[in-house]
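Subject: Structure for you to look at

Hello,

Here is the structure I promised to pass on. Please open it beside this email and follow along.

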Amino acid sequence: MLERKNIDRVFQENLKDLELNPSKHVWNGIELYLTEQPLKKSIPLWQRFSGVAVIFILFFMGGVWYYNLNSITNAEPDNIITESNFNISEADDRTQLDQGDNELQKSIVNTVSLENTKVAHDLESTVFVKKPNNNVIVTSDDISSIYKTIDSKYVIDKSDFLKSLKSNENLISNIDPVNVKEDNKKAMRNKWSIGTTVAPVYYNTLRSGSPISEELSNNSKSSDNALSVGLKLNYQINRKFNVQSGVNKVELAYITSNVNATATTSKIAANNNITKSGIILSNSGNKNSDSRSSSIAQGKSNLSGELNQSIEYFELPVEMKYNLYESRFGVGLVGGFSTYVLAKNSIYMVTQDQITDLGSASNLNSVNFSGNLGVDFDYKINKNWYLNVAPMFKYQLNTYSNNAGNFQPYYFGIYSGLNYRF
Amino acid sequence: MSLHQLIINCKKRDIKSQSEIYHLFAGKLFALCLKYSKTKQSAEDNLQDAFITIFDKIDQYKFKGSFEGWMKRIVINTSLQTYREKNVLNLVEENYPDEVEVEIDEDELSLDFLLKIIQQLPERYRMVFNLYVLDGYSHKEISGMLGIAEGTSKSNLSRARLILKDKIELNQQKQIVGPS
């Protein structure tokens with residue numbers, strides 16, 4: 001005859017000393033965390049994106065604002081079109097910025113932890129919401145209404161909450177509050193890193209046109225043999241944000257095909273922005289395009305081939321990196337701007353059998369800027385060393401002082417490098 | 001090396017001591033995770049998260065009370081955290097009589113079977129049953145931990161007991177019918 005027994009006791013007695021071995025990968029994962037000490041995720045993905053968007057837009061706005069300032073002082077007839085285009089983009093950016101600001105505001109309010117309650121408490125019309133996990137969040141947005149509809153007990157009175165903060169000694173309050181200081185300390189151990197960067201660079205224009213001559217606006221153009229090499233310095237401000245700078249030597253080459261170059265001693269004003277005098281440029285695929293060149297071509301020295309513009313800059317970038325995901329493999333968004341100092345500026349005519357120096361571009365500014373956007377992927381080799389690859393888009397501002405038509409250059413590079421954290 | 005010394009070394013982030021602590025307690029704490037989880041996979045995830053929390057917050061352990069008890073609380077809390085994340089909107093209340101006492105015929109019941117039927121319980125019932133019956137928390141504490149009313153905790157427990165009883169009895173009937 002079987003004895004009747006309380007079901008609770010059956011389970012208590014049987015499962016009291018139960019031990020079962022987990023798979024090996026559990027320890028492997030813990031060990032990886034302990035040796036790498038990756039940054040912990042704490043903010044939902046959409047909030048990170050909205051924060052990043054605001055930063056990018058701010059940087060971009062800064063660049064555009066600076067550009068506008070420059071174009072006003074250099075006001076030339078040819079720049080008017082460009083300037084008005086920028087005003088449109090500036091207005092668009094403002095709208096986005098406003099939205100971004102709201103998002104940021106929300107994210108700040110929503111992620112307030114228990115320790116920071118007093119700060120948020122000072123914000124207007126806050127609501128104290130108790131989540132099912134017994135944590136309290138302080139919010140002033142729609143979340144409060146969601147909680148209200150679920151169960152009215154989740155919206156709590158402010159004074160009750162503050163009282164419970166003082167007396168709360170239960171299990172969860174002992175374990176739950178994230179020890180922010182400790183986490184930060186770990187993440188902040190090695191704040192600096194330095195590394196090399198190498199990037200093949202693709203140089204092009206957003207609009208058609210030629211910075212060298214109006215006559216060449218419709219010629220086909222391509223980027224060639226462009227390379228950026230340099231050093232990168234990175235400083236980790238906190239768990240999410242890094243600021244990075246450095247210096248890069250950027251070699252850009254831009255080729256215009258089907259060009260006719262005609263030497264003349266004629267007093268007719270040159271139709272181009274090259275420093276070598278007495279050269280008339282025209283599109284060789286379009287014979288009658290320039291009355292001046294056709295009228296003087298007979299019996300004069302005439303070259304036909306590719307026009308190769310070679311530019312070299314020293315680039316000084318200042319960028320913010322926002323970490324989206326951080327583990328052995330990390331992903332971040334990068335935004336910022338660069339200052340370029342012109343180091344080499346030359347234009348060659350390349351024909352089938354010779355290369356002819358045509359001097360340099362007279363309208364290239366000696367200092368110009370770019371707005372930078374990109375994604376950064378990194379892979380940690382060990383505690384100190386990591387590899388990174390960053391596809392970056394760099395939108396050039398005030399590259400040319402005048403007469404560059406609609407030419408709006410940008411370049412795209414995939415920057416890769418080995419970095420050392422210290 | 002004594003446990004006390006191992007804990008001190010863990011506070012200094014000594015990986016060998018951390019490994020030793022893990023291997024000393026992984027068996028017991030994994031069993032605990034299994035009781036609170038639906039699947040082995042999620043139990044392993046919880047165990048991993050819990051140990052990361054244990055090593056991250058080991059400075060907060062001041063040698064007051066048992067270390068194993070301190071770790072168990074973190075494991076339970078991690079399991080509850082996972083439950084909360086998955087069940088934010090699952091707040092449907094059901095009414096069952098409070099405090100149903102359930103008795104069953106004591107029989108050879110395998111550990112595997114008992115563990116399996118706990119894991120098969122609906123999430124909330126499993127949490128309440130574990131916290132109350134196996135880990136000795138009061139309904140008042142459970143109501144705080146799960147964000148539910150005390151009455152709900154009691155009725156959830158009754159419901160859990162009835163489900164477990166049905167499964168055990170069904171199993172016993174099968175065993176009787178089985179050989180013939």
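A residue counts as buried when its relative accessible area is under 20%. Keep that cut-off in mind. Please also remember that this is a predicted model.

**Chain A overall**

Chain A has 422 residues, and 46% of them are buried. The chain contains 10 helices and 14 strands. Now take the contacts in chain A with a separation of 6 or more. Of these, 71% join residues 24 or more positions apart.

**Where the chains meet: two helices**

The crossing is right-handed.

Which residues make this contact? From H2(A) come A:Val26, A:Trp27, A:Ile30, A:Glu31, A:Leu34 and A:Thr35. From H2(B) come B:Ile15, B:Gln18, B:Ser19, B:Tyr22 and B:His23. Sorted by class, the contact of H2(A) with H2(B) has 6 nonpolar, 4 polar and 1 charged residues. An α-helix has 3.6 residues a turn, so residues three or four places apart point the same way.

**Inside chain B**

Start with B:Ile7, in helix H1 (residues 3-11) of chain B. Is B:Ile7 buried or exposed? It is buried, at 2% relative accessibility. Leaving out residues up to four places away in sequence, B:Ile7 touches B:Ile21, B:Ile58, B:Tyr61, B:Phe63 and B:Phe67. Look at B:Phe67 in particular. B:Ile7 and B:Phe67 are 60 residues apart along the chain, yet their C-alpha atoms are separated by 8.9 Å.

Next comes helix H5 of chain B, residues 111-119. Its buried residues are B:Phe113, B:Leu114, B:Leu115, B:Ile117, B:Ile118 and B:Gln119. What do they pack against? In chain B, the partners are H2, helix H6 (123-134) and helix H8 (150-177). Helix H1 (7-15) of chain A is a partner too.

Helix H8(B) also meets helix H7(B), residues 139-146. The two axes come within 8 Å and cross at roughly 105 degrees. Angles from 65 to 115 degrees count as roughly perpendicular, so H7(B) and H8(B) get that name. H7(B) brings B:His139, B:Lys140, B:Ile142 and B:Ser143 to the contact. H8(B) brings B:Glu150, B:Ser153, B:Lys154 and B:Leu157. The residues of this contact divide into 2 nonpolar, 3 polar and 3 charged.

**Cysteines**

How many disulfides does the structure hold over all chains? The count is 0.

Most residues other than glycine have a negative phi. Now check A:Asn258 in strand E7 (residues 241-263). Its phi is positive, near 55 degrees. A:Asn258 is partly exposed, with a relative accessible area of 45%.

A:Asn398 has a positive phi as well, about 40 degrees, and is not a glycine. Where does A:Asn398 lie? Look in the loop between strand E13 (385-397) and strand E14 (409-421). A:Asn398 is buried, with a relative accessible area of 10%.

Best wishes

Terms used:
Residues are numbered from 1 along each chain as its sequence is written. Chains are lettered from A and ligands numbered from 1 in the order in which they are written. This is a predicted model: local features need pLDDT of at least 70, side-chain atom pairs count only at pLDDT 80 or more; totals for chains, interfaces and linings use all residues. Side-chain values use heavy atoms; hydrogens and water are left out. A crossing is left-handed if the near helix is turned anticlockwise from the far one by less than a right angle, and right-handed if clockwise. Helices (H or I, at least four residues) and strands (E, at least two) are DSSP runs, numbered from the N terminus. Contact means heavy atoms within 4.5 Å. Ala, Val, Leu, Ile, Met, Phe, Trp, Tyr, Cys and Pro count as nonpolar, Asp, Glu, Lys and Arg as charged, and the others, Gly among them, as polar. A disulfide is a pair of cysteine sulfur atoms within 2.5 Å. Buried means under 20% relative accessible area, exposed over 50%, partly exposed in between (1.4 Å probe, protein chains only). Axes are lines fitted to C-alpha atoms, for helices over the stretch in contact, and angles run from 0 to 180 degrees between N-to-C directions. Angles under 35 degrees count as roughly parallel, over 145 as roughly antiparallel, 65 to 115 as roughly perpendicular and the rest as oblique.
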